[in-house]
Amino acid sequence: MTSPKQQVEMHPQRWGDPASATDLPDSARGLIELAFGLAETPAVDEVTVPAPALSEELLDSLRAVLGVEQVLTDDETRRLRTRGKSTPDLLKARAGEVGDAPDVVVRPGSHDAVEAVLAWAVEHHVAVVPFGGGTCVTGGLAARRDGFAGLVSLDLVRMKRLVSVDHESMTAVLEPGLRGPEAEALLAAEGVLLGHYPQSFEFATIGGFAATRSSGQSSAGYGRFDSLVVGLRVATPRGDVRLGSAPMNAAGPDLRQLFLGSEGAFGVITEVTVRVRRLPEVELYEGWRWASFATGADAMRTLAQSGLLPTVIRLSDEAETAINLARPDEIGGQSTGGCLMITGYAGTPAAVEAKRSAVSRLLSELGGTSVGEGPGEAWAHGRFDAPYLRDSLLDVGVLVETLETATFWSNRDRLYGEVKAALEESLGAGTLVLCHISHVYETGCSLYFTVAAKESADPLGQWLAAKARANDAIVATGATITHHHAVGTDHRPWLHHEIGDLGVSVLRAVKADLDPTGVLNPGVMVP
């Protein structure tokens, strides 16, 4: 079964659907003008894409492999496959910088076709960047091209099938090019649900979820994406890899985990077998108010360690609550203070009521105040909209970006303070640093920061310096450099702090064995 819908291409200089781009809301405009001033900073209109570096002879040999229609060299297609959607990516795109556009975009339609492209790339020493939804925010699509004859964007857009559903085992086999909504629509027709909803859900793909070890907003109830994967098929320059003969095994190290999070550096994921569940009959969201971020975080820990996590749970700190970032359509509106927690439940009516009652009772005992379903439903309605707000802020000269990390509960407060301090010291007076706890476990949590500051004359350098300071603070506190955004090129310089020199050697050895000529996403992930 294949997704029938023609997909919307994301704007080359902004996030998401071009038709959904909006101006800064009036409620936010006054707040932003007061905090940062307004400086209209439009993106350039005219962009020149450099000519492909690959010769016509090489391109013809590629056409012979895939067919003429699946080998695209036009400027618009190549521009749309240039980099991802981090703020540095967008700052370059808005300035018209597309010097690292791929020389050609190829669109294989099967595992065998992917293998054929990789064989061609090895033969001609051409770098290959696997491309799913283009939502990467850590430089994972900005491969190094020096030393190669050229660079190919391997676009998985044609690989959009729901291959099979095993209703007895409750698993499904999906191709990598399916976007989140497409996958859920195909699964819903079978009466089942994947339930993976990152903020990039509308545009990110199944292959991208796997390749970056994504984590969605319902992870408390459904799990991270890597915990949902039971099998993989991967095309590598050395051949075909099939993994996942059973739900669990003791057959040595779990090689599925080797490819989950490998960011296209070890191979191209061509099939993903995932756990699914029955479609929920009821979905319900509500809000809770806490006196402080610390008391709300302690309540989350208690829920997790009591085995009472709802399907969705997140907690905004005082600053994020004050500007209503959990409700992007009401940025700058009135806040009642404290910290806002969102909880969500999905399942049968009886299961939802039982879980909600137990959670509500414990939250009340811990000092939380229910504020009803309104805040929760508002969050659910706008849960994928925040990236559009970033574009509106960049339009008026406000630098905005996000970063995330995770740590154990005993280190949460230190990590929170150190990262905030690093960002504020680097970006200077007036910087706004917001945070929410986005994912919760028995042993710890993920902190997700949003940063806003007045743009300098060099906004790209301004952010890169601030991000480096934040990364230094993260590794100094012993936290992870990334919980769900992946390594890419942005986090690569700090990865050795987390995995050690021997860990780096292991990654390099795997890379050398699976990709001996180094054509797969060179310069990404592996230090």
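1. A crossing of two helices is called left-handed if the near helix is turned anticlockwise from the far one by less than a right angle, and right-handed if clockwise. By that rule, helix 16 and helix 17 make a right-handed crossing. Helices (H or I, at least four residues) and strands (E, at least two) are DSSP runs numbered from the N terminus.

2. This is a predicted model, in which local features need pLDDT of at least 70 and side-chain atom pairs count only at pLDDT 80 or more, while totals for chains, interfaces and linings use all residues. Residues are numbered from 1 along each chain as its sequence is written, and side-chain values use heavy atoms, with hydrogens and water left out.

3. Helix 16 (residues 412-427) and helix 17 (residues 459-476) have axes that come within 8 Å and cross at roughly 155°, where axes are lines fitted to C-alpha atoms, for helices over the stretch in contact, and angles run from 0 to 180 degrees between N-to-C directions. Helix 16 is therefore roughly antiparallel to helix 17, a label given to angles over 145 degrees. The contact (heavy atoms within 4.5 Å) includes Leu 415, Val 419 and Leu 423 of helix 16, together with Trp 463, Ala 466 and Ile 474 of helix 17.

4. Turning to the sheet, 5 strands form an open arrangement in the order 5-6-10-8-9, with antiparallel pairing; two strands pair if DSSP finds at least two bridges between them. Strand 5 (162-166) and strand 9 (239-243) are the edge strands, each pairing on one side only, and the twist from one strand to the next averages 10°.

5. Strand 5 is joined to strand 6 (residues 171-174) by 4 bridges, and the two run antiparallel. Within this pair, Ser 164 stands opposite Val 173 of strand 6. The two strands form a hairpin with 4 residues between them, and Met 170 in the turn has a positive phi of about 60°.

6. Helix 5 (residues 111-124) lies across strand 8 (229-236), strand 9 and strand 10 (268-275), and runs at about 40° to strand 8.

7. Finally, the structure holds 0 disulfides, a disulfide being a pair of cysteine sulfur atoms within 2.5 Å. For Cys 339, the nearest cysteine sulfur is that of Cys 435, 10 Å away; Cys 339 is buried (under 20% relative accessible area, with a 1.4 Å probe and protein chains only), at a value of 0%. Cys 435 is in no disulfide either, and the nearest cysteine sulfur, that of Cys 445, is 8.4 Å away.

Key:
Buried < 20%, exposed > 50% of the residue type's maximum accessible area, 1.4 Å probe, protein only. Parallel < 35°, antiparallel > 145°, perpendicular 65-115°, else oblique.
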